Amino acid sequence: MEGHSLLANYNVQPRVWDEMFGKDGIRPAYRNVVSAIQNLSSDEMTHKDELAKKLFMSQGITFTVYSSGEGIEKIFPFDIIPRILEAAEWKHIEEGIKQRLKALNIFLKDIYNQQFIIKDGIVPAKLIYSCPNFIRQMVNVEVPFDIYTHISGIDLIRDHDGTYYVLEDNLRTPSGVSYMLENRSITYRIFPDLLPKNNVRSVKDYPDLLLKNLVGLANRQKSDPTVVLLTPGIYNSAYFEHTTLARLMGIELVEGSDLVVDNHKVYMKTTTGLKQVDVIYRRVDDDFIDPLVFRPDSMLGVPGIYGAYRTGHVAIVNAMGNGVADDKAVYSYVPAMIRYYLNEEPILKNVPTYQLAIPENRKLVFENMDKMVIKKTNESGGYGMLIGSAATEEEMESFKEAIEEDPRSFIAQPIISLSSAPCYINGVLQPRRVDLRPYALYGPEGIDIVPGGLTRVALKEGSLVVNSSQGGGSKDTWVLG
Amino acid sequence: MLSRVADSVFWMARYMERTNGTLRLLRTNYISSQDEVQDFSWQPLLRSYSDASVEEIQAIGNDSPKVLEHLLLDRNNGASVFNNITRARENARAVQDHITKEVWQCLNDYYHLIRDKNIHVQVKQGDPVTALDSLIYHGMLYHGTVDITMARGEGFNYLNIGKFLERAILSADMLNIKLTELNYNLQQPVEVPALRYLLYSLSGYELYLKTHRGNFQADHVLQQVLYNDNFPHSVSYCLKQLFRYFERLESESLPESYKQLEFLIGRAMNNVKYSSIRLSDSEGLLNFLYQTRQELFGIAAAFNQYYFGNS
């Protein structure tokens, strides 16, 4: 790579799949981009980097961190070099996610109704009933079109040989899709012409597809049902996303206090009185959505909304109780679900997962703790996690204790190294670990996945944790046509 | 429109109008503090635009940089420009889907501007007028952005209702502050600089000169600030505009709510219109300003009750 000043210091780590560099040099998908940027001076690159930051700041694409009583505006770190997927790779991912979601949906329908999968001995009953996110109130609730997971974000990672694995299915209220849209709009500002030249597929259909699905769920015979987005409010870290989506779909953004329930119907308080609501895209968690049924101290929800949902007067997206399907211990049964419900072989692999409720697994994991990632089944956002290779003896011991105390709440997985992608950090192009979260929309007419998604980056050198709450950033994600 | 949204749009507009008013007032007062060292005092202004205690206000005294810092940038002063802009933005943030992206970005930029180090340095050590000018300029950018991007719907009506209501209150308040400085004693034959500064603060000096060339009289100033319908800061003009935007809400209002507000606004308008205030009657003037303010606050409270669902 002589003469390519930008690439001169790019060192791929051994046994890590790099998205840009293969064993024959730069991969075809990246060639256009590399030739466009390799001759830019570091001043120009730094200027682009600063421009991106400025655009995020002035557009208010920020989240607020509260410390010492005062809010500080932070931007979600953005890396300017796009992550690129080829058409064939994308096709594989798309088919794999569709298959998986189909199975997970049937699973939710089954588990909250007849429970064939338990009766046939595929999934142990104990595992389901011990899951805190199995919501008894959802048993025998009729859900419109039998769809539970209207919006999901499936996290994918790549091992050292480039194989895609599903790391997590986020089926509750996955966030980040606004960054998929905003990152794209920033990219065409900082790299003019590069998108059309590379024939990058557009992601801008996402809000239209989502709205179409939401409108399709309305139960009233009406040509323009009222669809709203329920947000926890301006102090929520994803508030920017809520406003963006509401604006792009042209629907009302409501808070819990804007809604009231009367006679099992949901209304919003307007300047002209009450107006009935047909569909709610909620970004409030199950626990908080109805203080009469779930947490009684919740100020974010709407008293009585569960009753309205159960009687079919309002559609709620995503359905309640989805947490039982993306529980980290239930996760290990997803391949079995695909075989059981669809009679197909899984297209996307699962990361091998050891349930620590099983004594043999526990023994095996304790012996090989330095090669394992241990996660709490019920947490996300990179919390409640131990990466064996980076943990101290003490941390390991305290995890062991916690596991012995409550083995159901933990799983272990071998450390998968995660692929790396080029990032422009401190004026140098360097490899950093990434994952990929495509967003799937499941509506009455089937599953749509916009070609793209959110690539999350672990910005710290050598780190494997991409979560934004743990110092992760994001990249624009291109799918080539 | 959601009641909460209407409420937030209304308050966003009020905070922005208040910001603009305060900034202009500070600018003229600062300039006069440099010019009229003899008679000048910041105290009346501090009493109106600070929520600090009497002792704290006295401690600040007449130290112009300190006063400016307190009224402009002090986070602990609930009425400071800093807090007004922050609150305008908080309100805008909660209704981002009802204002245009341009308006939101403009307010967001405004918020970042008043937190900017340069502004703070200018106010504390440099030339405060430069800082005030750039803040005033950004406020005008906001008004222009609202004008050319916002749809003329319900949101726009609430925005203007908030704006003109606040402006009427500000004009009445500023007049009151200046008259208090003069102890409501307006029989002095000599020209009163305070009233000239009032006109500067309300962007009305040029209009005054065009109307009464070379003839500066307190009575004319009073007439302009209260009654001149060509003057966008006169109380009469603001009330007429308020009524105009309110009338547009009729088709989107509950009839009884509309009736309540129509009565209150109509009464305030007519009380101003059919008053005949003369300088010679200082007690009448004092009462008139007090009554007008009460009526304006009554209108705000009625909106809160009948349209924003806060009883």
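Where in chain A does A:Arg15 lie? In this predicted model, A:Arg15 belongs to the segment that comes before β1 (21–22) of chain A. Its phi is near 55°, a positive value in a residue other than glycine. A:Arg15 is exposed, with a relative accessible area of 62%. A positive phi is also found at A:Asp193, again a residue other than glycine, where the angle is near 75°. A:Asp193 is placed in the loop between α6 (177–190) and α7 of chain A. A further backbone feature is the cis peptide bond from A:Val317 to A:Asn318, with omega near -15°. A:Asn318 is located in the loop that runs between β14 (315–317) and α12 (334–342) of chain A.

Helix α1 of chain A spans residues 28–37, and its buried residues are A:Ala29, A:Tyr30, A:Val33, A:Val34 and A:Ile37. These residues lie on the same side of α1(A), because they cover an arc of only 105° around the axis. The packing partners of the buried residues in α1(A) include the helices α2 (42–58) and α7 (194–197) of chain A. Strands of chain A also pack against them, namely β2 (25–26), β5 (78–85), β20 (420–425) and β25 (472–479).

One of these partners, β20(A), pairs with β21(A) in the antiparallel sense, over six bridges. Within this pairing, A:Leu429 of β21(A) has A:Tyr424 opposite to it. The hairpin formed by β20(A) and β21(A) has two residues between the strands, and A:Asn426 in this hairpin takes a positive phi near 50°. Strand β21(A) covers residues 428–437 and is mostly covered, with nine of its 10 residues buried. β21(A) is also joined to β24 (residues 454–458) of chain A by four bridges, and these two strands run antiparallel. Here A:Arg437 stands opposite A:Leu454 of β24(A).

Elsewhere in chain A, four strands form an open sheet in the order β16-β19-β17-β18, with antiparallel pairing. Its edge strands, β16 (354–355) and β18 (385–387) of chain A, each pair on one side only. β18(A) is joined to β17 (residues 372–376) of chain A by three bridges in the antiparallel sense. A:Met385 in β18(A) is the bridge partner of A:Lys375.

The contact between the chains was examined next. Chain A contributes 28 residues to this contact and chain B contributes 30 residues. Between them the two chains bury about 2400 Å², of which 41% is on carbon and sulfur atoms. On the side of chain A, the residues that lose the most area to chain B are A:Ile234, A:Arg247 and A:Thr271, which together account for 28% of what that side buries. Two salt bridges are counted between chain A and chain B. A salt bridge links the side chains of A:Asp258 and B:Arg4, with an N to O distance of 2.6 Å. There are also 18 residue pairs in polar contact between chain A and chain B, counted with both residues at pLDDT 80 or more. Several elements of chain A each supply at least two residues of the side that touches chain B, among them the helices α2 and α9 (239–249). The strands β3 (62–67), β4 (70–75), β9 (252–255) and β11 (265–270) of chain A likewise each supply at least two residues of that side.

Note on methods:
Residues numbered from 1 in each chain as written. Chains lettered and ligands numbered in written order. Predicted model: local features only at pLDDT ≥ 70, side-chain atom pairs only at ≥ 80, totals over all residues. Heavy atoms only, no water. Buried < 20%, exposed > 50% of the residue type's maximum accessible area, 1.4 Å probe, protein only. Arc of directions from axis to C-beta. Contact = heavy atoms within 4.5 Å. Pairing = 2+ DSSP bridges. Buried area = accessible area lost by both parts, 1.4 Å probe. Salt bridge = Lys/Arg side-chain N within 4 Å of Asp/Glu carboxyl O. Polar contact = N/O pair within 3.5 Å; in protein donor to acceptor, adjacent residues only side chain to side chain.
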